[in-house]
Amino acid sequence: MSLLHAADFFCLPTLHEGLGSSILEAMSAGLPVIATRVGGIPEIIEDGRTGILVSPSDPGALADAMVEMATRPELREAMGARGAARASAFSADRTAEGTYEVYRAAIAAGRRLTV
């Protein structure tokens, strides 16, 4: 985590990604994120609010986003603060609570769950 606190922003230009737990760790550390618009990443990052999303395999867009983030400290600070707040919605506790509520609601409705 100390390396994250030493960074100005976090960049993950991946072509395939499930949820992106490294993104959540970076956001929890208050870092704005630049990432590709793949997998579950757009569910985590609010483009323009908590980070910048770029198309995969677009090095020009990635470079532009990195230059913008590197040269605008006020943008990094604002996105980082919003990202830290957003990351809490994806914590293990919140995920467990959400899963519990789905099961509770299904049982209350009398439905049989199939997995």
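1. Threonine 36 touches Leu12, Pro13, Thr14, Ile41, Leu53, Val54, Ser55 and Pro56, where residues up to four places away in sequence are not counted and contact means heavy atoms within 4.5 Å. This threonine lies in strand E2 (residues 33-36), and helices (H or I, at least four residues) and strands (E, at least two) are DSSP runs numbered from the N terminus. Threonine 36 counts as buried because its relative accessibility is 3%; buried means under 20% relative accessible area, exposed over 50%, and partly exposed in between, with a 1.4 Å probe and protein chains only.

2. A word on the basis of these notes: the model is predicted, so that local features need pLDDT of at least 70 and side-chain atom pairs count only at pLDDT 80 or more, while totals for chains, interfaces and linings use all residues. Residues are numbered from 1 along each chain as its sequence is written, and side-chain values use heavy atoms, with hydrogens and water left out.

3. Proline 56, one of the residues touched by threonine 36, sits in the loop between E3 and H4. With a relative accessible area of 33%, proline 56 is partly exposed, and its contacts, leaving aside neighbours within four places in sequence, are Thr14, Leu15, Thr36, Arg37 and Val38. Between the C-alpha atoms of proline 56 and glycine 110, which are 54 residues apart along the chain, the separation is 43 Å.

4. Helix H5 (residues 73-87) has 15 residues and reaches 21 Å from its first C-alpha to its last, close to the 21 Å expected at 1.5 Å a residue, the expected span being 1.5 Å times one less than the number of residues. Its buried residues are Leu75, Arg76, Met79, Gly80, Gly83 and Ala87. Seen down the axis of H5, these fall within an arc of 120 degrees, so they line one face of the helix; the arc is that of the directions from the helix axis to the C-beta atoms. On the other side of H5, Glu77, Ala81 and Ala85 are exposed. The cover over the buried residues of H5 includes helix H2 (21-28), strand E3 (51-54) and helix H4 (59-71).

5. In H2 the buried residues are Ile23, Leu24, Ala26 and Met27. Viewed down the axis of H2, they fall within an arc of 160 degrees, so they line one face of the helix. What covers them includes helix H1 (2-6), strand E1 (10-12), E2, helix H3 (41-44) and H5. Just after H2, glycine 30 takes a positive phi of about 85 degrees.

6. Phenylalanine 9 is placed in the loop between H1 and E1. Apart from its neighbours within four places in sequence, it is in contact with Leu31, Pro32, Ile34, Met66, Met69, Ala70 and Arg76. Phenylalanine 9 and glutamate 68 are 59 residues apart in sequence, and their C-alpha atoms are 11 Å apart in space.

7. For the chain overall, the secondary structure comes to 6 helices and 3 strands, running α-β-α-β-α-β-α-α-α from the N terminus on. The C-alpha trace spans about 55 × 30 × 20 Å along its principal axes, and of the 115 residues, 31% count as buried. Among contacts with a separation of 6 or more, residues 24 or more positions apart account for 44%.
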